[in-house]
Amino acid sequence: MTDPLDWLDDALKDLSDRCLLRQPTVRLGAQQPAHIEWEGQTLVNFGSNDYLGLAADRRVGQAVRETLAGSGWGSGASPLVTGRGQMHARLEDRLAAFEDAEAAVLFPSGFAANVATIPAVVGRGDGVFSDANNHASIIDGCRLSDAAIVVYPHRDLTALRDRLRDGTGFRRRLIVTDTLFSMDGDLAPLAELADLARQHDAMLMVDEAHATGVFGHGGRGVCEAMGIEAGVHIRVGTLSKALGSIGGFVVGQRRLIDWLRNRARAYVYSTAAPEAAAAAACQALQIVQQQPERRLRLLEQADHLRCRLQQQGWSTGRSASQIIPVILGDASRTMELAAQLREQGLLVPGIRPPTVPPGQSLLRISLCHGHTPEHLDRLVDALTPAR
Ligand SMILES: *Cc1c(COP(=O)(O)O)cnc(C)c1O
């Protein structure tokens with residue numbers, strides 16, 4: 001007798017043979033930069049997206065407890081049925097105000113926001129122009145949309161222009177990009193993308209997942225930092241990284257948000273996140289606005305660390321953010337170095353295919369509020385090239 005799932009033995013063995021098998025581990029205690037308990041060791045955590053240190057913030061926890069006391073935990077239905085509570089409505093209003101947009105809509109996650117939004121704005125007969133390094137959720141959103149997918153090489157404006165020129169036959173055009181790329185820590189050329197969108201009558205959609213709360217004078221992201229918010233039609237963000245909670249959102253014109261509430265399937269057909277999660281994000285948003293020093297210090301520390309690593313001869317690619325890759329190429333060498341760092345008390349995730357293309361494996365250093373100069377010294381010392 002064979003079991004129809006027997007093929008999985010070979011498939012898993014193949015991953016394992018190629019050093020690509022991944023397994024989740026269990027973190028003990030709170031998500032924080034220093035002193036993370038991980039596989040029986042206490043480590044300094046360079047593998048978190050909790051950039052502003054808000055995931056375990058006391059004020060955020062207090063907001064959660066207060067909401068829990070009044071509204072309970074589960075939201076019980078999708079937002080259009082009975083799942084949207086007062087705290088969801090308040091967070092949408094606060095997000096729209098924070099982002100200086102007409103309106104905002106919440107999704108269960110950032111992943112869901114992308115997967116739902118793209119098919120809601122383009123379909124058969126349309127073209128979507130997507131950066132080769134875009135996040136998996138953007139890629140999946142494109143695939144689900146039935147639009148023609150035109151992938152342009154990473155940050156390659158000439159290629160994009162040529163493809164837009166070839167794309168005049170599409171009913172609608174959508175250019176979509178991460179603003180801060182999640183593995184390489186580099187930025188999209190947003191001013192040029194906004195120009196191209198204008199010239200070619202295309203919608204521009206950006207994903208600020210790693211930049212919300214970190215970039216820009218007011219903490220709105222890379223679009224704000226680059227002064228091009230007016231040229232962007234659809235702005236996606238997440239509550240789950242610098243804001244330390246869970247959930248995704250889209251901001252833009254009111255008619256866009258009205259449309260998404262009707263046509264974005266992960267909004268219509270998925271249960272709203274708990275109100276307490278929305279309360280946490282509301283509180284985090286307030287801290288982002290009241291404490292700009294958190295993001296300023298983070299980006300200063302990142303500049304400093306990047307310089308020191310480069311001085312030691314490591315390639316950090318085009319990183320210009322709190323995400324700093326140490327590009328090694330080979331997957332097994334990357335995992336070996338990650339293991340060596342772990343022995344020295346430093347948790348730095350090794351990133352390998354399929355998250356990055358073959359031959360472009362890297363250590364992904366993610367700096368957060370709460371990393372001290374001593375933590376950075378330890379990392380730099382541990383990464384002194386052996387030869
Ligand atoms: C993490 C990430 C997402 C997904 O957000 P979640 O809230 O974690 O689901 C979407 N886009 C980008 C660019 C991301 O890095």
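Trainee: How many aromatic pairs does a search of the whole structure find?

Mentor: Two. Keep in mind that this is a predicted model.

Trainee: What makes Phe107 and Tyr267 an aromatic pair, and why is it called edge-to-face?

Mentor: Their ring centres lie 6.1 Å apart, and the cut-off for a pair is within 6.5 Å. Over 60 counts as edge-to-face, so the label holds.

Trainee: Why do you say that this pair ties parts together?

Mentor: Because Phe107 belongs to strand 4 (residues 103-107) and Tyr267 to helix 11 (residues 265-268). Those parts are 160 residues apart in sequence. Both Phe107 and Tyr267 are buried.

Trainee: What makes Phe129 and Phe170 an edge-to-face pair?

Mentor: The centre-to-centre distance is 6.2 Å, with a limit of 6.5 Å for pairing. The angle between the planes is 80 degrees, and edge-to-face needs over 60.

Trainee: Which parts of the chain does that pair link?

Mentor: Distant ones, 41 residues apart. Phe129 sits in strand 5 (residues 127-131). Phe170 sits in the loop between helix 7 (157-166) and strand 7 (173-178).

Trainee: Why is Phe129 called buried?

Mentor: Its relative accessible area is 0%. Buried means under 20%, so Phe129 qualifies.

Trainee: And why does Phe170 count as partly exposed?

Mentor: Phe170 has 22% relative accessibility.

Trainee: Now the whole protein. How do you know that it is as compact as a globular protein of that length?

Mentor: Start with the content: 15 helices and 14 strands. The radius of gyration is 21 Å, and the globule rule gives 21 Å for 387 residues, so the description holds. The C-alpha trace spans about 60 × 55 × 55 Å along its principal axes.

Trainee: What share of the residues is buried?

Mentor: Of the 387 residues, 53% are buried. As for contacts with a separation of 6 or more, 69% join residues 24 or more positions apart.

Trainee: How many charged side chains are there?

Mentor: 40 positive and 44 negative. The centres of the two sets lie 3 Å apart. The accessible surface is about 17,800 Å², and carbon and sulfur atoms hold 50% of that.

Trainee: Which backbone features stand out against the general rule?

Mentor: The rule first. Most residues other than glycine have a negative phi, and most peptide bonds are trans.

Trainee: What makes Cys19 worth a look?

Mentor: Cys19 is not a glycine, yet its phi is positive, about 65 degrees. Cys19 lies in the loop between helix 1 (7-17) and strand 1 (27-28). At 28% relative accessibility Cys19 is partly exposed.

Trainee: Why is Asp100 called exposed?

Mentor: Because its relative accessibility is 61%, and exposed means over 50%. Asp100 is in the loop between helix 4 (86-98) and strand 4. Its phi is positive too, near 55 degrees.

Trainee: Where is the cis peptide bond?

Mentor: Between Pro353 and Pro354, with omega at about 10 degrees. Pro354 is in the loop between strand 13 (350-351) and strand 14 (361-366).

Trainee: Last one. Why is Gln86 called exposed?

Mentor: Gln86 has a relative accessible area of 70%, and the cut-off is over 50%. Gln86 belongs to helix 4. Its C-alpha is 8.0 Å from that of Glu275, 189 residues apart along the chain.

Terms used. Residues are numbered from 1 along each chain as its sequence is written. Side-chain values use heavy atoms; hydrogens and water are left out. Rings of Phe, Tyr and Trp (its six-membered ring) pair if their centres lie within 6.5 Å; planes under 30 degrees apart count as stacked, over 60 as edge-to-face and the rest as tilted. Helices (H or I, at least four residues) and strands (E, at least two) are DSSP runs, numbered from the N terminus. Buried means under 20% relative accessible area, exposed over 50%, partly exposed in between (1.4 Å probe, protein chains only). The radius of gyration is taken over C-alpha atoms; the globule rule is 2.2 Å times the number of residues to the power 0.38. Contact means heavy atoms within 4.5 Å. Accessible areas come from the Shrake-Rupley method with a 1.4 Å probe; for residues, only the protein chains shown count as cover. Lys and Arg count as positive and Asp and Glu as negative; His and the chain ends are not counted. The place of a charge is taken as NZ of Lys, CZ of Arg, CG of Asp or CD of Glu.
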